[in-house]
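Please examine the structure shown below. The paragraphs after it lead through selected local features in turn.

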Amino acid sequence: MKSGLLDLLVCHECGAPLAVEDSQLRCSKCGQVVSLTNGIPIFTPVAGEIRPSEKLIRGSDTGTPWRKANWRFLEAQLTQLPGEARILDVGAGRGDFAVLLDRFHTTALDIYPYPEVDLVCDLTICNPFRPASFEAIVLMNVLEHVFDTQALLARLSELLKPGGRLIVAIPFLVKLHQTPVDFVRYTHYALQRFAPEHGFELEVLEGYYDPIFFLSEGTGNIKYAYLPALSRMKRMAARALLGTIQFLVNRLELLLGPGVASPAEAVRSQAPTGYHIVYRKITT
Ligand SMILES: [Zn+2]
């Protein structure tokens, strides 16, 4: 088990401390047992419909423009935290952002026992942590995969220290992914409303606007979803037209440059690829 993790954990039934006993965790008060698999505490059973993600190398310059924008956003937010900050990475998966998070005291949580995670727990139904344990919680491209959004946000609010930050990236116009575990897209009006509902103030709410990405997604969709079903002649004609469109899109990209991050309220009429948010836990 990751060193220091036991200090953060409590029994999810009664809140009493846990101890390692016979290769499992046992509650000192009620006797509740939590299994350890390869040293990872498993608080909730792993759902059968999850198809595990593959490990990809992530960085500031890899993946889609949205991915790159996420990296820059998280990197900038983390510079505001002290080195001793305790961070919870929720839906850490294959450790996409571990390079940025590892210099802090980061706990990696997921609902699937990837080798990169420190514990397995569905926080919408189970709480294995002491209240107010973290200076920051990271939720990067995860909220859309959580069915009970409100339950998760309520939980994360409990787990943050007063003044602590919940750092979120959530796609808006991004195609379905990791199906069937992909449930929602929220507008920034909903994302704003979540703040007062869960004891946060909204510190940052930015849209990431990238019309070129949007156009490329469209042409890619035609290429993969529609072309194979066409007759040979139509397919050739469609390919030629798509080639022309792609040429024009590339020229347009040279003119426009990459996507831009902008306060969501300031850009009312556009279509964001996704949103970047910082919710600050209200100090009472
Ligand atoms: Zn207990």
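Pro180 lies in the loop between E9 and H5, where helices (H or I, at least four residues) and strands (E, at least two) are DSSP runs numbered from the N terminus. A cis peptide bond, with omega of about 5°, joins Thr179 and Pro180. The model is predicted: local features need pLDDT of at least 70, side-chain atom pairs count only at pLDDT 80 or more, and totals for chains, interfaces and linings use all residues. Residues are numbered from 1 along each chain as its sequence is written, and side-chain values use heavy atoms, with hydrogens and water left out.

Two further backbone features concern phi. Most residues other than glycine have a negative phi, and most peptide bonds are trans. Ala132, although not a glycine, has a positive phi of about 50°; Ala132 lies in the loop between E7 and E8. Asn141 also has a positive value, near 55°, and is placed in the loop between E8 and H4. Ala132 is partly exposed because its relative accessible area is 31%, whereas Asn141 counts as buried at 11%. Here buried means under 20% relative accessible area, exposed over 50%, and partly exposed in between (1.4 Å probe, protein chains only).

Helix H4 spans residues 149–159, and its buried residues are Thr149, Leu152, Leu153, Arg155, Leu156, Ser157 and Leu159. Which elements cover these buried residues of H4? The cover includes E5, strand E8 (134–140), E9, H5, E10 and E12, with contact taken as heavy atoms within 4.5 Å.

The zinc ion is coordinated by the SG atoms of Cys11, Cys14, Cys27 and Cys30, at 2.2 to 2.3 Å. Donors are N, O and S atoms within 2.8 Å of the metal (3.2 Å for Na, K and Ca); water is not among the atoms, so sites may look incomplete. The angles among the 4 donor atoms run from 99 to 119°, and the site is tetrahedral; four donors count as tetrahedral if all angles lie between 85 and 135 degrees. Along the sequence, the donor residues follow the spacing C-x2-C-x12-C-x2-C. Cys11 lies in the loop between helix H1 (5–8) and strand E1 (18–21), and Cys27 in strand E2 (residues 24–27), so this pair ties together parts that are 16 residues apart in sequence. Cys11 is buried, with a relative accessible area of 2%, and Cys27 is buried at 4%.

A search of the whole structure finds 10 salt bridges, each defined as a side-chain nitrogen of Lys or Arg within 4 Å of a carboxyl oxygen of Asp or Glu. One of them joins Arg94 and Glu116, with the closest N and O atoms 2.9 Å apart. This pair links distant parts of the chain: Arg94 is in the loop between strand E5 (86–90) and helix H3 (98–101), and Glu116 is in the loop between strand E6 (105–110) and strand E7 (119–120), 22 residues apart. Arg94 counts as buried because its relative accessibility is 16%, while Glu116 is partly exposed at 25%.

A salt bridge also forms between Glu217 and Lys175, the closest N and O atoms being 3.8 Å apart. Lys175 is exposed, with a relative accessible area of 56%.

The side chains of Glu203 and Arg280 meet in a salt bridge of 3.0 Å, N to O. Glu203 belongs to strand E10 (residues 200–209) and Arg280 to strand E12 (residues 274–281), and the pair links distant parts of the chain, 77 residues apart. Salt bridges that share partners join Arg165, Glu203 and Arg280 into one network.

Helix H7 (residues 232–256) holds Arg235. Arg235 is partly exposed, with a relative accessible area of 24%. Leaving aside neighbours within four places in sequence, Arg235 is in contact with Leu227, Pro228 and Leu230. Leu255 is also found in helix H7 and is exposed, with a relative accessible area of 73%.

Technical notes
Four donors count as tetrahedral if all angles lie between 85 and 135 degrees; four count as square planar and six as octahedral if opposite donors are over 155 degrees apart and all others between 65 and 115; anything else is irregular.
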